[in-house]
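Please look at the sequence and the structure shown here, and then read the short report that follows.

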Amino acid sequence: LKNIHLLSSDEVELAKLLVKEEQSHVFLHWADPGVDDEKKKSFFSQISILNGSYPGGLISYIKNSRRLLADSKTGNNPYDGFTPSVPSGEVITFGDDNFMMLEAVGVKQVCKTVFVLVAGGLGERLGYKGIKLALPSESTTGTSFLQHYIEYILALQDACCRVTQETCLNKIPLVIMTSDDTHAATLDLLRSNSYFGMESTQVKLLKQEKVACLADNDARLALDTKDGYKIQTKPHGHGDVHALLYASGLLSLWKDEGFKWVFFFQDTNALLFKAIAVSLGVISTKGYHVNSLTVPRKAKEAIGGITKLTHTDGRQLVINVEYNQLDPLLRAAGYPEGDVNCETGFSPFPGNINQLIVEMSSYIEELTKTKGAIAEFVNPKYKDSTKTCFKSSTRLECMMQDYPKTLPSSSRVGFTVMDTWLAYAPVKNNPEDASKVPKGNPYHSATSGEMAIYRANSLILKKAGVKVADPVFEMFNNQQVEVWPRITWHPKWGVTFADIRNKISGTCSISQMSTLIIKGKNIFLKDLALDGALIVNSEDDVDDAKVLKVEGSVKNKGWFLQHVDYKDDSVREESRIRGFKIEKNEQFILESK
Ligand code: UGB
């Protein structure tokens, strides 16, 4: 009360509400007026951010925390009353007739799609010093994840305009959710690279705020131990993206401009755009409100499992059950072995890859009801089995894939299962942790993420008729990986399989030691026999009619993967975390003039 004159009337109201919610401990130690006044003001600046960025405000956050902490203490299972079973979805086989049909339908939907990238995570498991979006997705060109994503979106936009015979009036919007940990570096990466060719107005950054930490089961806010005028905060999770989109007011504007779909994706999966057209084909032909993209999942793999849940009261929903919850849920439901592989060698529950497509109108309708609030959870680490004290403060969390949890049961929530090699190879684990994943499970490291790009591109060209040599096995950073020829192309060369197939003719072959980098759009491979390194560059951005034919035999000493030790500080971190760098011996460069 002695300090009341320092506060605005809104702040006084909020302070009263906090005291009523048993949070007076955050004020009790305040010094007399005249001492630490600036700190007191900044305390309220922080409080007003925490209050404004949570749907329903800080008081709702405290009430929700108390409820979830009580559930956690009594061991209430959020899945009580639900029986899990294996759902059925649309299974896609790359390159077959159904795939080609869906891809052709889907590519026409691209210019009606808003792309939303969640990139607020610090990437603690990877331990890379920079933001993950700045990490090269592969080493032959050094293209960063963000550059790769933007170039894909632009190429998709171009492909859509070509097939619909329209010049799209709307440039595809790209929203990037950042956080205090990633915002400045993301903006800097965009600005210093001229938005990688995208118009700056196409890109919208929405910054998520952290949430208050909780000190005990009564949801008392945790004060910073060094600065008593600060609340400890931690990330709330990728589920914030829905509340931020709702609060931005952008959804209705996009709907009015004719956008129909919102596609959510995460920060380090270089393969994800290879299946985007086909996934849009699925949602538009099936009339789903939500299409969740999945891949076959190894039991206990650290990705959620898409599960059908049937409640004793008859309710049913198809939803992601996070990896740490799937095993206990199955055991409790009478599967004594829990999360195990079935006869296919995979878990029967398809793996969530956090790529979701939602239909715009129903999405806006739902967010208008919920304001974007997503089902939350709390995961306190207790000191002992009495569950009365925490080892360290905790907070509520939420996940973007939980969006369907609040949808009415009439909603059509579907999922699409795609080949892992085509759609999913994230970079999440540091070399040491990756080398310890159970045998047969994916590493999800920078090494495996890069090798997956070469494998996917090799398999796509193989399917298009090119004789691509088989891979060899090699160990990098204690991870055994398949090494295919290092084939990369700029997305404008081909964003659909139909496009790519049209650019290959005759008898083409690529040996295992080869590197092929295709940088232009109108490049056609005919009777190419490659045994070495070949870089093809055409200036078709300047002259669309320009065509470059790549024919005949190319043989040279090529490029090699030179092993590096991840502990060797003299090597760049970007190379160390994958366990190799590229040694360029000899290459042939073909350019259209
Ligand atoms: N992210 C944010 O933008 N904000 C945050 O507060 C946190 C993260 P992680 P996670 O596909 O492999 C998810 O940490 O959460 C962004 C699914 O829940 O890499 O452990 C972050 O920048 C899981 O079901 O993943 O696991 C990144 O882009 C499974 O699908 C994204 O959110 C798993 O991803 C994911 O964050 C997976």
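## Helix α11

At the start of helix α11, which spans residues 360–370, a side-chain oxygen of E359 reaches to within 3.2 Å of the backbone nitrogen of S361. The model is predicted, so to speak of local features a pLDDT of at least 70 is needed, side-chain atom pairs count only at pLDDT 80 or more, and totals for chains, interfaces and linings use all residues. Residues are numbered from 1 along each chain as its sequence is written, and side-chain values use heavy atoms, with hydrogens and water left out.

Helices here are DSSP runs (H or I, at least four residues), as are strands (E, at least two), numbered from the N terminus. Within α11, the residues M360, S362, Y363, I364, E366, L367 and T370 are buried, meaning under 20% relative accessible area with a 1.4 Å probe and protein chains only. Among the elements that cover them are β3 (113–118), α7 (240–248) and β12 (347–359), and the helix is followed by K371, whose phi is positive, near 60°.

Leaving aside neighbours within four places in sequence, L525 is in contact (heavy atoms within 4.5 Å) with residues including W493, I504 and V550.

Methods:
Buried means under 20% relative accessible area, exposed over 50%, partly exposed in between (1.4 Å probe, protein chains only). A polar contact is a pair of N or O atoms within 3.5 Å; within protein, one must be able to donate a hydrogen and the other to accept it, and residues adjacent in sequence count only if both atoms are side-chain atoms.
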